[in-house]
Amino acid sequence: MAALVLLLSSSLLLLIPYPAASLPLCTDSRSPLPQPTPLTFCPYNGTSCCNSTQDLRIQKQFEAMNVSDPSCRSVMKWILCARCDPFSGELFTIGTGPRTVPLLCNSTVSANSSQSSGAARDYCSGVWDTCLNASMLNSPFAPSLQGQAGLPMNSSYTKLTELWQSKNDFCNAFGGAALDESVCFDGEPVKLNATAAPAPPSGLCIERLGNGSYLDMVAHPDGSNHAFFSDQKGYIWLGTIPAQGSGGTLEIDESNPFLDLTDEVHFDTEFGMMGIAFHPNFAQNGRFFASFNCDKSKWPGCTGRCSCNSDVNCDPSQLPSDNGAQPCQYQSVIAEYSANGTSSGPSAATTASPAEVRRIFTMGLPFTAHHGGQILFGPGDGYLYFMMGDGGGTSGDPYNFSQNKKSMLGKIMRLDVDNIPSAAEVSKLGLWGNYSIPKDNPYTEDSELQPEIWTYGMRNPWRCSFDAARPDYFMCGDVGQDEYEEVDVITKGGNYGWRVYEGPLLYNPPESPGGNTSAKSINTIFPVVGYTHSEVNKNLGSASITGGYFYRGTADPCMYGSYLYGDLYAENIWAAIENPGNSGKFNSSRISFSCAKDSPIPCETVQGSQLPSLLYIFSFGQDNQKDIYLLTYKGVYRVVRPSRCGYTCAKENVTAVSTPSPASAPSNASSLVYGKGSLVLAVASWLLLASLVALL
């Protein structure tokens with residue numbers, strides 16, 4: 001584990017260990033995949049960074065080297081095969097750049113290293129001693145002009161003693177330690193320390209901060225205690241979040257929205273504003289984005305290409321009407337807006353103009369369901385990620401859009417909205433709007449993919465997030481069809497299997513006018529956690545997952561590092577714990593949850609149960625303090641100290657944090673913040689309820 005980081009929240013001081021950075025990742029930045037059959041040359045079974053073609057290529061390279069010594073031959077085979085290790089991305093990219101061989105373990109291992117004790121032996125010295133006098137062709141140990149690991153020599157037989165003056169020089173170039181942020185190669189597949197899985201938290205304690213019903217929440221990019229909230233109708237509000245333990249409530253004046261897009265947004269049972277995203281430099285440039293649906297029969301600005309087109313072997317004239325709508329009558333839109341300028345800059349803006357700065361993306365939808373719509377900025381790259389469902393249909397993605405690499409449906413897209421091409425370039429490149437393509441998108445390695453695509457094989461991604469502590473971890477909940485709800489670790493170019501698989505289960509589509517994809521023809525990335533519909537209360541209807549966040553707040557130290565997610569129907573919340581750390585393997589447990597008795601706004605309970613009555617969990621949210629929120633039909637809730645609900649957490653210093661007094665309960669005046677009424681009121685509440693249940 002890495003050094004302890006001090007985090008201060010109110011008067012509670014916590015020592016929270018940040019985990020190591022090493023993640024299973026291949027040299028091409030893809031996730032390692034389970035191989036249907038064992039590799040024939042490299043001894044990597046199960047999950048690997050090599051397929052059979054790459055395995056054969058390594059075998060031919062090894063045979064062409066013609067290593068003279070049998071013991072050295074065995075060593076060199078393992079070194080070449082390290083390309084197949086699930087951690088090869090770490091092994092081959094440590095230091096200044098790509099390496100010709102993996103980082104060879106020396107005898108120095110950090111006390112905080114998560115790698116197993118085998119990495120403590122001086123493997124680099126062992127390689128030198130074993131291969132010292134062995135000759136080989138095209139040695140991968142040839143030095144570069146800088147005296148470090150470089151390009152292989154395409155010349156005659158060489159020995160290590162002809163390339164390096166000493167063992168010390170050799171291991172300075174090729175050796176290294178297993179540190180808290182890296183791994184090294186010790187002659188075997190990388191193993192992390194196998195420790196007992198941390199115990200799941202005893203329970204999740206929440207408090208009710210507001211009565212409004214929102215679909216999305218985004219922390220203000222200026223790092224303050226402000227956050228933006230949006231609803232399905234097309235409103236965005238700017239809210240002020242009370243400090244933990246203050247007894248305050250969420251301050252939102254719904255009569256004065258930050259932005260009103262209700263004239264453009266088509267709000268119905270399956271449609272509305274699905275997501276908002278604020279540029280990382282919003283505090284300076286005022287740029288932000290909204291993702292919504294529109295109806296081209298009612299708004300002239302709602303125009304775009306149909307996602308059913310000749311590029312994907314689909315004829316919109318052959319599609320049936322869906323719920324009375326014609327194919328591509330409804331569109332998915334991403335539009336850019338700007339905050340009104342003030343003397344102190346966009347960060348202080350309390351309103352924004354509804355006039356579009358530019359249209360980023362517009363695409364016609366074949367049917368009236370499964371069009372995702374969340375948008376997020378990547379924390380490490382600054383690109384905009386756009387989550388799109390398979391388009392719906394009668395059932396089971398009948399036109400197989402998710403597996404079609406030319407279709408934008410059933411995909412996560414990655415767009416550059418900082419470099420806007422000219423109109424001529426947009427037309428020439430066949431783009432769906434005003435954006436450019438990041439140069440490292442997967443299409444550069446898979447020419448069949450449309451350049452916008454980051455991952456594919458999704459059914460309907462519903463709420464994705466990046467881990468605040470480890471930006472490489474990109475998690476998405478993906479809504480299932482008949483049996484299984486899943487959470488996926490999203491990786492570059494990954495295929496998540498739909499509609500060949502529903503989670504880990506083979507899926508048999510009831511109709512296939514768009515053709516089928518065989519399981520053997522794809523490398524499916526299976527979910528890390530999930531649940532079957534039979535696990536939840538069927539009296540509430542079919543299950544539908546709501547993806548969440550890794551908990552990185554300070555209020556509940558026993559929850560730290562757990563990935564929280566829930567079911568739309570609000571009687572089940574899970575905490576997924578990774579074990580070993582950074583292995584990509586999770587243990588998931590359903591956890592109890594309750595509402596603090598001193599909640600600023602009293603909580604209702606489910607009839608016949610002690611569970612708080614949330615009715616529906618639409619989304620999770622995260623503020624600038626990394627506290628986690630539940631956006632529900634019954635209001636906005638925040639995760640708080642477990643002791644406020646009577647849960648036990650040995651890491652919590654109960655006496656160090658003040659408990660809200662009854663005097664801090666909200667007054668009638670403060671409750672008038674919600675005077676206009678949220679979506680939970682009157683007829684609109686039932687429309688929202690039906691719409692969000694249906695769209696999932």
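1. Rings of Phe, Tyr and Trp (its six-membered ring) count as a pair if their centres lie within 6.5 Å. With that in hand, look at the group made up of Tyr473, Tyr531, Phe550, Tyr563, Tyr565, Trp574 and Phe586, which form one aromatic cluster. Bear in mind while browsing that this is a predicted model.

2. Two arginines are worth a look here. Phe550, a member of that cluster, has the charged end of arginine 470 sitting over its ring, 5.1 Å from the centre. Arginine 552, for its part, lies over the face of tyrosine 560, at 4.9 Å from the ring centre.

3. Aromatic pairs in the structure come to 44. One of them joins phenylalanine 228 and phenylalanine 282 edge-to-face, with 6.0 Å centre to centre and 85 degrees between the planes. It ties together distant parts of the chain: phenylalanine 228 is in strand E9 and phenylalanine 282 is in helix H7 (residues 282-285), 54 residues apart.

4. Now the open sheet: five strands, in the order E12-E13-E15-E16-E14, with mixed pairing. Strand E12 (273-278) and strand E14 (305-306) are the edges, each pairing on one side only. Inside the sheet order, E15 (residues 330-338) and E16 (residues 358-364) run antiparallel and are joined by six bridges.

5. Helix H2 (residues 70-81) passes a quick geometry check. Its twelve residues, at 1.5 Å a residue, should span 16 Å, and the end C-alpha atoms are 17 Å apart, so the two agree. At the start of H2, a side-chain oxygen of aspartate 69 comes within 3.1 Å of the backbone nitrogen of serine 71.

6. Which residues of H2 are buried? They are Cys72, Val75, Met76, Ile79, Leu80 and Cys81. An α-helix has 3.6 residues a turn, so residues three or four places apart point the same way. The buried residues of H2 pack against helix H1 (52-65), strand E5 (104-109) and helix H4 (123-131).

Notes:
Residues numbered from 1 in each chain as written. Predicted model: local features only at pLDDT ≥ 70, side-chain atom pairs only at ≥ 80, totals over all residues. Heavy atoms only, no water. Pairing = 2+ DSSP bridges. Helix = DSSP H or I, 4+ residues; strand = E, 2+ residues; numbered from the N terminus. Phe/Tyr/Trp six-rings, centres within 6.5 Å; stacked < 30°, edge-to-face > 60°. Lys NZ or Arg CZ within 6 Å of the ring centre and 35° of its normal. Expected span 1.5 Å × (residues − 1). Buried < 20%, exposed > 50% of the residue type's maximum accessible area, 1.4 Å probe, protein only. Contact = heavy atoms within 4.5 Å. Polar contact = N/O pair within 3.5 Å; in protein donor to acceptor, adjacent residues only side chain to side chain.
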